[in-house]
2 protein chains.
Amino acid sequence: MTQTIDHETNHVAVGKPTRRMDAEEKLTGRARFSGDLPFPGLLHARLVLSPYAHARIVSIDTTAALAIPGVVAVYTADTLKMAKAHESSRSQSPLALDEVFWCGHPVAVVLAESEALAEDGAAAVDVDYDPLPVVIDPLAALQPDAPLTRPRSKDETSEIAGGGTHADVGTAQAGEEEQENLSLNVSDRVHMHTGDIEAGWREADVVVERSYRTHSVHQSYMEPQSITVVPEQSAGHKMRVYASSQGLYNARSDISNALALPERQILVEPMPIGGAFGGKFGLVEPLAAAVAYAIRKPVRLVYTRQEELLAGNPAPQSLITVKLGAKRNGTLVALQARIILDSGAFPGAAAGLAGYLISSVYRCPNTDIRCYEVLTNKVSVGAYRAPDAPQTAFALESTVTDLCQELQIDPLEFRRQNGLRGGDPSGNPRRPVLPPLGLIECLDGIEQHPLWKERQGQKEVPEELAGWKIGFGLAVGGWPGGNDVAAAACRLESDGTISVVIGTVDLTGSDTSLALIAAEAMGLPASQVNVAHDATDTMPYSGATGGSKTIYSMGPAVLAAAQETRRQILQIASDMLEAAVDDLEFKDDNVVVKGVPGKALSLQKIAQASTSFSRRGPVYGQGRTPTPEGSPMYAAHLAKVAVDPDTGEVRVLEYVAAQDVGQAINPPAVEGQIHGGVTQGIGWALFEGLEHDENGQLLTSTLMDYALPHSFDVPNITPLLIEVPSGVGPYGAKGVGEPPVIPVAGAIANAIYDAVGVRPTELPITPERLFNTLNQ
Amino acid sequence: MTQTIDHETNHVAVGKPTRRMDAEEKLTGRARFSGDLPFPGLLHARLVLSPYAHARIVSIDTTAALAIPGVVAVYTADTLKMAKAHESSRSQSPLALDEVFWCGHPVAVVLAESEALAEDGAAAVDVDYDPLPVVIDPLAALQPDAPLTRPRSKDETSEIAGGGTHADVGTAQAGEEEQENLSLNVSDRVHMHTGDIEAGWREADVVVERSYRTHSVHQSYMEPQSITVVPEQSAGHKMRVYASSQGLYNARSDISNALALPERQILVEPMPIGGAFGGKFGLVEPLAAAVAYAIRKPVRLVYTRQEELLAGNPAPQSLITVKLGAKRNGTLVALQARIILDSGAFPGAAAGLAGYLISSVYRCPNTDIRCYEVLTNKVSVGAYRAPDAPQTAFALESTVTDLCQELQIDPLEFRRQNGLRGGDPSGNPRRPVLPPLGLIECLDGIEQHPLWKERQGQKEVPEELAGWKIGFGLAVGGWPGGNDVAAAACRLESDGTISVVIGTVDLTGSDTSLALIAAEAMGLPASQVNVAHDATDTMPYSGATGGSKTIYSMGPAVLAAAQETRRQILQIASDMLEAAVDDLEFKDDNVVVKGVPGKALSLQKIAQASTSFSRRGPVYGQGRTPTPEGSPMYAAHLAKVAVDPDTGEVRVLEYVAAQDVGQAINPPAVEGQIHGGVTQGIGWALFEGLEHDENGQLLTSTLMDYALPHSFDVPNITPLLIEVPSGVGPYGAKGVGEPPVIPVAGAIANAIYDAVGVRPTELPITPERLFNTLNQ
């Protein structure tokens, strides 16, 4: 059941539940993805992965592999020309040079005439390794005497993962780097502080400190990392690329860098994507392009699920200590955190973002946040839906709940009292106060929901769960809101429909929402608008999809293009109908003279007139928009769980997710995001985690071991769409993609605590872990 | 040697000789054309052509063909679903229904796994025909008692061939249709007249009347009719089309009509073209699309050279009678013409255009032009470079020369005295007087050329041509100038270069010229500008390439897009450099503050700034332009020939072609057009002609019989670029493609007359024909 706050609007398209334009093709299996494309002479690529977490490569013998009929080539770092192989970028240096840095590190790539032959070839590549000391645990890696993950130069700095998400600096300030005696494994550290933390502790009546650990979590998109590269030598191109990538330009520039080719010699085609969640900002494109370019044949590289788990780019493991101080009246006065993100073998965990996130939920005058990115001999990380936020929210919201317990204050009331509000100081000199944001309104939504009231009454246990304990947990979370420049075009087609032309990858139904925005701007029903995707040579500029920024940043460009298109159409109609533009209006697929029912022109006729002998020229609108100010997004979640105290098993029984979406452009799409995000959050909370042994061997390298939530693990999820309009996003919309995953682990942990009175401090909260906690 | 009239300009790009952007790929064979594309499962199509010019199809037996291993399917009109098969359009009804209408009429199409197997299959299709009476000669077809070419409904009217060429009505008026007793084979007639033709004859001191005959001529592009269609079921498309077509939208709408599919379900990709000359406005696209759609596999149809000659769409045969009356002082006072165009089995010869053309060269107060389009049992016609103009110019310029002879007036002087000039009345109420046009300036150019002076002296015969006679011939011709709406986009790339994005097919180097226009507008060297071609879903609107309208009509859209791009760049630079826009200028690939050498920003930096956090958004300019008024183009040609009076053999020894191009955007490209057009004109004049026997059997169905000029048949051609700027075209440019072919046959015929004193009245002027004329 969905509760949508009902605004009185005159919208014709925006806010109307609309079926996704891509639904039919995807549901019927007709959609063709990057790994589905047939090309004559197509070669299949398979990776040879290191079985050691850290070792020197003594030799690689490809003789046996190449002896297999149908195996066409084997490339190693020595034989594959990569322009930036010696720089510290995993995607630019995809094959191990002299050392392997994690168990799963690609050492060679085999090309063969079929998938199966490529797999046989990969198995036949004989690599001789000389094992080196490994460092697996991030805390151990931090120690000054820890073995080095790999040879380190001090020039290397962290690359922000996720490409398109840009954090507003908010209330925190980047601090000076202090002298701490740490290992060279530390690849980045950020110190943010406001006020005086020591004064905060003095002012506090109650102080709570807790430490948490999470594990690396894989994005588990349905379509694995997939790419097909077709070398060609015409129209100025060296290759045509079909990539499951979140951004066409990202793929193009990654390949351009890797092969030292001008960008325009690489054509990246728009492709449908079977999920990404941040994990497809660029991983396999340079490798696939390099082998195709080297062998001059089409090459297809599609990860197996095991390669995903061994050689993907999952979310980082975290170790977080949170210390909070509050006055007896419930005012938060001190927030200290030490956040260690395990970036695996390459930098990229965006430690500063974690610090920003943990300090952007509550008002607090005195904060002190120290963030560390540390390298270990594990697979390196990438972005995953709200990077760093599920980890920090789990830590913060667990600690806040314990603080409420100590204070004997209602946890919703505490959060309402201390939660950030629009107009609060932002700490950002460019925009000194926060824009409208709906954290409090989300809490109001939860408070008004029957499940919240049920929490305060009897906690009845369903019959089939006799002996289990019921608990309710509340948590909140926020995301700063990604933003980007954008451009779009808009055409009037000969059949009278409108086409929006963009280069933006649709991950979540954004095409349909962009069509609704264009339809609204035109004053047309959404059925009149299509979205066409353009390739890199010709598309209007679009950054990558991610960071909850597509509707927010591309939406205004589409809106502007549609408005310009409408203006052009009215001009032509004004000429043809001999009526002033102001006297015209759109009605269905006609332009009519207001109050003169007979005086009308169909859009089809206008289109035809504009492209035959025409005084005005073809209708062709264009929109280009600057980087908008961010609109932060908040969510408040309420979980009802049952816990079996005998086994530690947890079931989520019901779930309410309130989220400030500004304006739901397409409500079912927004609700779909919330359903998906909460489901992934349940994975974080209870099931998912890449676990390694002390040698760095991955213990969860198949979906038998790496546990994704099953459909029966997911309860009814009730989205509450809260609409506190953004002053910037189209029709008030804010981003919606990241928030739904953020509070989930915290809400479930708090519900478990409510049920059985022990505080889970490690994710995922497996039955084994909870059983141990219960029996400590 | 080239004589370019030197204008003093400050142009940085326009007018600078610039190498074609596509030259290297085409010269090195790297370019991939529509028939070169590999697709897995690709089927090859071959046509079964009728051996009869007119017959009833009794039965088609495909058993033997289908029994050949590798032959996959045979489609006939009965088995191939074409939505408009029963309407009178050859491309929409590509396979004969119940009757064949010409020798070469496709009856079936065979699909097989290879070209050779498809050919075997086509040979094995057994068709039983019942022959019907044929009508081959257009004059015979006109007679009321002529056999009917095919069952005729009187609803059928002529379709103007050529798509993009729109004749200005000029000095002629469309007359009322008069009652003449003519066969139903007449598919169109147009009567134009001005003044009082009878008064004209009375006023005339000298009257000359001549009749001429030309034969059908094939466009003989290097790349034959070629198309590959790939059915697909994704991204909303039913198929992807790679066609050697002059217009992407033409191909799309032809296929959309044929299959009754919405246009947006058909994606037409931009492809390089190996020549078209008007012959690729739509012929094989619906057939290829229909078979691919039916069989759900990629299909490639590439004409053989024999199919080109039997089943192409050549220029129409003509029968033209011209009667001129002039006063003794050389003033032309009466022009009468009867023009019969043989359209073959389907309408499309554009008879009215022929009438317009013949009356748009000279001032004449009294004109009477009757045009007839007649159907015969021959292949139907299409556009070929300046449709109808080589035929009418041959007739008019031959007659004018005879008139000069009668009047004892210098033929150049007569043409200067009577030739149209800018400011003359146009007969077009929308634009009552003619715009600037350079017919007289072209004659001046010829007059000043040494070859003209040589004509007046001794006609020396080269030693190796002892016994031959030398002659000089002058002729003029004009083209109204095609025009169209257009749209274009323009991007600033991350490397600081500019991309022009268009949907216009480049036949003649237009990409390079459009790049020069954009470079000029930006103030950048041409090397900084690229042209990117977009597909039908996403491209800015572009009509088909043809009618000498690309630079003239798309040029202004590119110019506008580039100007807008420049404006956006300067805005961003103004922000970044903190300088007023007016104080900025482009210098190489930098924007600099005038007079402050150190204050500069590279375009690369501006591009990067515009797509990172940006106040302005990405640079993305757009241009859309209305239909421009036409700018008529004229040419004057001078030929020097040698004739062997013993054999009738003719050799063209030297050739000077003066042409008003308004402004040569890329002079070598314009000169290339003149070289090519004159060469094709030499083909019209001396070599080329589809000849049929009385049963309609084509006697010239291979390039052994159909004689194209060899390189040794083509003399030195000296282009004289005359620049009388258009007030409309970009930087004064006019179209240049059509004029060079127009006067050639007339100039050569007049030179032969000058050499041997007999008047050739039939094209091509083969040795046999001239021998017979000499010996009559």
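Predicted model: local features only at pLDDT ≥ 70, side-chain atom pairs only at ≥ 80, totals over all residues.
**Notebook: strand β15 of chain B**

Residues are numbered from 1 along each chain as its sequence is written, and chains are lettered from A and ligands numbered from 1 in the order in which they are written.

I then followed strand β14 (residues 317–326) of chain B, which pairs with β15(B) in the antiparallel sense over 10 bridges; strands are DSSP runs of E with at least two residues, helices runs of H or I with at least four, numbered from the N terminus, and two strands pair if DSSP finds at least two bridges between them. In the hairpin of these strands, with 5 residues between them, I noted that B:Gly330 takes a positive phi near 95°.

Next I checked β16 (residues 367–375) of chain B, which runs parallel to β15(B) and is joined to it by 9 bridges, with B:Ile340 standing opposite B:Tyr372 in β16(B).

How many of the 13 residues of β15(B) are buried? I found 12, so the strand (residues 332–344) is largely enclosed by the rest of the structure; buried means that 20 or more other C-beta atoms lie within 10 Å of the residue's own, exposed that 12 or fewer do, and partly exposed is in between, with C-beta atoms placed from the backbone.
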